[in-house]
Amino acid sequence: MSSKTSIWLAFFLNLSFSVVEFIFGGIFNSSAVLADAVHDLGDALAIGLSACLETISNREEDKRYTLGYKRFSLLGAMLTALILLTGSFMVLLENIPRLLSPQPVNYQGMLWLGILAILINLLASLIIRKGRTKNEAILTLHFLEDILGWLAVILVAGVLYVTDWYFLDPLLSLLISSFILWKAIPRFWSTLKIFLDAVPEGIETAELEKELATLANVKSVNQLSIWSMDGLENDAIVHLCIENWEQMMKTKEAVRQLLGERGVQNITIEVDASQSNHAKHKRNVHDLEQLSGHHHH
């Protein structure tokens with residue numbers, strides 16, 4: 001299944017289920033369920049947003065976006081992560097007061113709703129888990145978070161069958177929100193770094209420059225810029241000064257091979273001849289021009 005289809009399916013599952021949660025959260029008087037409904041609605045909006053942006057990111061480059069549309073997928077991942085972080089903070093704020101004055105809840109209803117929710121989330125995460133984009137990685141986190149949340153709801157419902165420890169309901173909400181923040185903040189940060197054109201993780205430019213400089217025929221490395229448009233494929237611009245102009249194609253091939261082995265797919269290479277060679281090359285061109293000039297006479 002394409003990433004586009006899987007994301008849209010996840011959107012419809014989340015949206016319809018958040019409506020169900022709002023209704024039953026009110027009926028069961030469970031603020032954990034209501035908080036989760038708010039969270040799921042946020043998730044659904046985030047997923048819908050990323051689905052639109054994922055669709056755009058699959059377009060080919062054109063006159064307006066000459067580097068292509070891959071960044072839109074990253075934008076989706078960032079906005080989704082932001083909504084996830086905001087949702088988690090809201091759940092934290094909402095449940096701290098409830099911890100101090102717990103309310104009775106309908107634990108039987110919570111139990112059945114929890115079982116249904118886990119089945120839906122497992123289905124959704126299985127659909128999306130095969131995806132490779134940053135967007136799908138963030139969405140997988142959504143479903144993991146939802147399943148954990150609902151396991152907590154089922155656990156609380158089970159304990160409330162035999163006790164009246166209603167404070168467990170908000171307590172578990174707080175624990176889960178903290179866990180999500182702990183998972184989502186680093187992921188948001190790594191996506192933001194790609195968005196700001198940082199060198200992709202796992203690539204050492206200083207090391208690469210040294211390796212390039214040791215290649216045959218390379219006199220110096222004047223520029224090495226590495227970035228990624230979508231966190232999947234890496235791009236590079238290399239500016240070299242070479243000794244021997246005749247060996248240029250061979251040198252370029254060696255550079256491509258070296259960078260390819262280090263995980264860089266799209267490479268632009270600019271080459272200058274070293275000064276002495278450059279003069280010789282210019283002289284040859286000048287001689288050729290003079291020769292052609294003689295022919296005209």
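Author: A polar contact is a pair of N or O atoms within 3.5 Å; within protein, one must be able to donate a hydrogen and the other to accept it, and residues adjacent in sequence count only if both atoms are side-chain atoms.

Reader: Which backbone nitrogen does the side chain of N106 reach at 3.0 Å?

Author: That of G109. The N106 side chain also reaches the backbone nitrogen of Q108, at 3.2 Å. The model is predicted, so local features need pLDDT of at least 70 and side-chain atom pairs pLDDT 80 or more, while totals for chains, interfaces and linings use all residues. Numbering runs from 1 along each chain as its sequence is written, and side-chain values use heavy atoms, leaving out hydrogens and water.

Reader: Where does N106 lie?

Author: In the loop between α3 (71-100) and α4 (107-128). Helices are DSSP runs of H or I, at least four residues, numbered from the N terminus.

Reader: Why does N106 count as partly exposed?

Author: Because its relative accessibility is 32%. Partly exposed lies between buried (under 20%) and exposed (over 50%), with a 1.4 Å probe and protein chains only.

Reader: How far apart are N106 and Y161?

Author: In sequence, N106 and Y161 are 55 residues apart. In space, their C-alpha atoms are 9.8 Å apart.

Reader: New topic. S190: buried or exposed?

Author: S190 is buried, because its relative accessible area is 13%. S190 belongs to helix α6, residues 168-195.

Reader: And what does the side chain of S190 reach?

Author: The backbone oxygen of R187, at 3.1 Å.

Conventions:
Helix = DSSP H or I, 4+ residues; strand = E, 2+ residues; numbered from the N terminus.
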